[in-house]
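Please look over the sequence and the model below before reading on.

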Amino acid sequence: MKCIITIELGTNGVRVFAFTLSGQVIGSLKGYYPTFHTEPDHSEQDPEQIFITTLYVLKNLLNEYIHPKKIKVACICFSAAMHSVLAVDKNGNPLGNAITWADNRAKKEAQELRRSALGKKLYAATGTPIHPMSPLLKIAWIRSNDKERFKQANKFLSIKSYIVHQLTGEYMIDYSIASATGLLNIHTIKWEADALQYAGITAAKLPELAPIFTATGKLKKAYQQSLRLPAETKILIGSSDGCLATLGDGVKGEGKATITIEDSGAVRVMGPAVLKDEQMRFFNYLLTDNCYVSGGPTNNGGNIFEWFTRQFGDFTNPFDIEDSIQQLMEEAAKVPAGSDGLLFLPYLLGERAPIWNANARGAYFGLHIKHERRHFVRATIEGIMYEIYSIGKTLAEQRTIKSLSVNGSFGTIPFCTQLIADLFNKPVRLRQQFHSVSFGAWLLSATEMGIYKSLDEAAKTVELPDVYKPNKQHHAIYADYFGIFEKLSVKLYDEFEAIGGLQQKYGVVEDVFKKK
Amino acid sequence: MNQFVLQYGKSNELLLFPHILELGLKKNGAILFNTFLTTVTEGLRIYYIIEGRFEWRINHQPYVFYPGDVAVILPGTSFGSDKGALEIGSFSWLHLDVQKPDNGQPMFGKWSGLSESEGAAIGKILLLNPSPVLSRFPDAGKILKCIQGELFNNEVAYQARVNHQLDELLIALTRQMTRQNHSTRDFPKTFMHLEEVLRQNLSHQWTVEEMAALVGMGTTLFTERVKSYSGFSPINYLINIRISEAIKLLKRPGISVTDIALDTGFYSSQHFSTTFKKLTGYRPSEFRNNHLRNK
């Protein structure tokens, strides 16, 4: 018997799955690694800890599920969070920690570039929104603020590139991760000269570009031994979490969109053309040379409801937030749709799509004397979903969305999934058992191995068994309230600016964002 | 109760309690100068505010105390007030003799009913506690009052009772400290704090009991929560951090493998080598040679 192993290097940890060649899960394990916020706006991870955790979890998975049954590992495929940057010296040793997507240190650079003509040009060429998350801006920040690191840097890697280099000795970056760096021209699939110049580097400072199906070099001998894997074990460079979650839900072809809500969230579509947008609201990332994953990201997903739960939830079981979230969901279900007219703007962490306003802040609106605690619970969840819907609505200006799928730990909570179905007034499909990202990596591997002829064929086989049907009455109520929500989200622009300014002046905002 | 001071070696009340260096109650009716001078002692000092408002410096940091607050001053830490001023109000205190081995972590004598590992965990929490102030903790005042009563009344079995109350005080204080430092609503934050402390004290031979106590949890709940949150048992998570740090050190020339082993908490270079090889396939020296070869 043979298996396919997928390794997902996520924001909070690594998740390793073993699949059969027909896509059944044999086993999975996860391992957590921390994010350090040593300074306001900084968000870093220790590359060695990520590497050791990955190795440890992979080894445990092999020893627990694979080696005892004498299963042969046909291939190992990687996926990873986008936008990370790690500088390494000429020996490949890290210069400091890896900078993650959530890092905001380049916010000034981002603001300036976004307003400039160069910014518009770079967005159109690279598909990556001009935002501090983008490695383009992080490298530029290192150049002006950490000159020693910039001088010593032989390469600027992504976290995945570093892990693959540790295991195989090769510097490589896949199309998907590369297309999220803000440095790759997504139309020509070459490093974009203007972007390189802005960052102050040459292409030699970046890893080698590789299509997602590329097999890296062999595992180093020591790891062959410690993992008990043969030298011929194929290692696929793979893709990014966003692209693979979309593929994993079978969102290839016309009329399909997928909604991911974990801590943060995104609405994505996939197709042969990019989404063009004068206002630079969407991302366009590459899955393959003729397939783009496009959409809009939000900062405010499950993390906002977790915040609410920590403040107002009932903690009868100490340290058990899942339990408290569950209780609140049950409470919310007893409140009528629309929360009797209480609206919530979920912008506690500022916002990316669709309003792209770092100064946006949260608000409850429409409060009247009959509102109770339980209305706040439901309004909070509805507010998070209105935001998701508003991203979907802007996407729908360019793409017809006929069917929807949902994934991610928050989006797949039944109450949330139903809300999405009602809001969009469309049936929503999902798969409960496992992560769409890893399944996307399995589809990629299976295609590479010839089990499927193409990714199109692979995506068509995806079946999402659970269906949530929209409730027409609820939809009508939500549609009414959404009108006000949408207006508020832009109408308050000046006041967001003012309160954001005051929060900065009085030094509270740094602290808020530190906890992100 | 009137004000008093008992000192071991001077007061007969403390004959049976060589570990109680000093116990007292002060009622101060007018501001005094040059009385509350900054001192450093080898004992663990605990002050409980009954009335008034006091501005004291602990380890050169200013703190303000209100009724119900407790100050916990570790052995070897400076404590007193600016210019020795003593404000109006009343407070009680206890100076407890503790053994202080090289690592600076307080340990308690034979008088204590705490087991060795419990005592070590309490010592660790006291040592790592970020703030010497416990706000609004009247339980500490009640225990101090009970100890005073026992010492003056000498009822049957008072010796045992006083020692029990001392243990009770240490337990109550450390539990309050962990509660004050960790919200039971936010495990990720608690876990992050643990991660920080482990990294700062990586050479320490951590036990699960100590780690659990540090975040104010029982070992069973702690192990379960860590496992479900991180995917690893607490000890394996710790090994993870140790190896990650060791890798960084191995990539730098000039520090010996034995030193790296001890710095990162392995009890010998052999132990380090076995653990490292099991995980990475390399012996530490091989790993180092591979990474320094290109230089």
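The text below describes selected features of chains A and B.

This is a predicted model, in which local features need pLDDT of at least 70, side-chain atom pairs count only at pLDDT 80 or more, and totals for chains, interfaces and linings use all residues. Residues are numbered from 1 along each chain as its sequence is written, chains are lettered from A and ligands numbered from 1 in the order in which they are written, and side-chain values use heavy atoms, with hydrogens and water left out.

The pLDDT is the predictor's confidence in each residue, from 0 to 100. Chain A has an average pLDDT of 94, and 98% of the residues score at least 70. Over residues 511-516 of chain A the pLDDT is below 50; beyond near neighbours in sequence, this stretch makes 13 contacts in the model. Contact means heavy atoms within 4.5 Å.

Helices (H or I, at least four residues) and strands (E, at least two) are DSSP runs, numbered from the N terminus. Two strands pair if DSSP finds at least two bridges between them.

| Strands | Sense | Bridges | Facing residues |
|---|---|---|---|
| S1(A) and S2(A) | antiparallel | seven | A:Glu8 and A:Arg15 |
| S2(A) and S3(A) | antiparallel | seven | A:Gly13 and A:Tyr32 |
| S7(B) and S10(B) | antiparallel | two | B:Ala71 and B:Val133 |

In chain A, a hairpin of three residues leads from S1(A) to S2(A). Four residues lie between S2(A) and S3(A) in another hairpin, where A:Gly23 in the turn has a positive phi of about 90°. Seven of the eight residues of S2(A) are buried, where buried means under 20% relative accessible area, exposed over 50%, and partly exposed in between (1.4 Å probe, protein chains only).

In chain B, six strands form an open sheet in the order S1-S2-S9-S4-S7-S10, with antiparallel pairing. Strands S1 (4-7) and S10 (133-134) of chain B are its edges, each pairing on one side only.

Helix H13 (residues 373-395) of chain A has 23 residues and should span 33 Å at 1.5 Å a residue; its end C-alpha atoms are 34 Å apart, which agrees. The expected span is 1.5 Å times one less than the number of residues. Of the 23 residues in H13(A), 19 are buried.

A nonpolar core is a set of buried Ala, Val, Leu, Ile, Met, Phe, Trp, Tyr and Cys residues joined through side-chain atoms within 4.5 Å. The largest has 173 residues, and A:Ile5, A:Phe156 and A:Phe305 touch the most other members. Apart from it lies another core of 39 residues, among them B:Leu6, B:Val98, B:Leu170 and B:Leu173. Not counting residues up to four places away in sequence, A:Phe156 touches several residues, including A:Val85, A:Ile139, A:Phe150 and A:Pro207.

A:Ser161 is in helix H6 (residues 159-168) of chain A and is buried, with a relative accessible area of 1%. Its side chain reaches the backbone oxygen of A:Met172 at 2.8 Å. Beyond four places in sequence, A:Ser161 is in contact with A:Glu170, A:Met172, A:Ile173 and A:Pro207.

A:Thr128 sits in the loop between helix H3 (117-126) and helix H4 (135-145) of chain A. A:Thr128 is buried, with a relative accessible area of 1%. The side chain of A:Thr128 reaches the backbone nitrogen of A:Gly182 at 3.3 Å. Leaving aside neighbours within four places in sequence, the contacts of A:Thr128 include A:His83, A:Ser179 and A:Tyr285.

Definitions and conventions. Polar contact = N/O pair within 3.5 Å; in protein donor to acceptor, adjacent residues only side chain to side chain.
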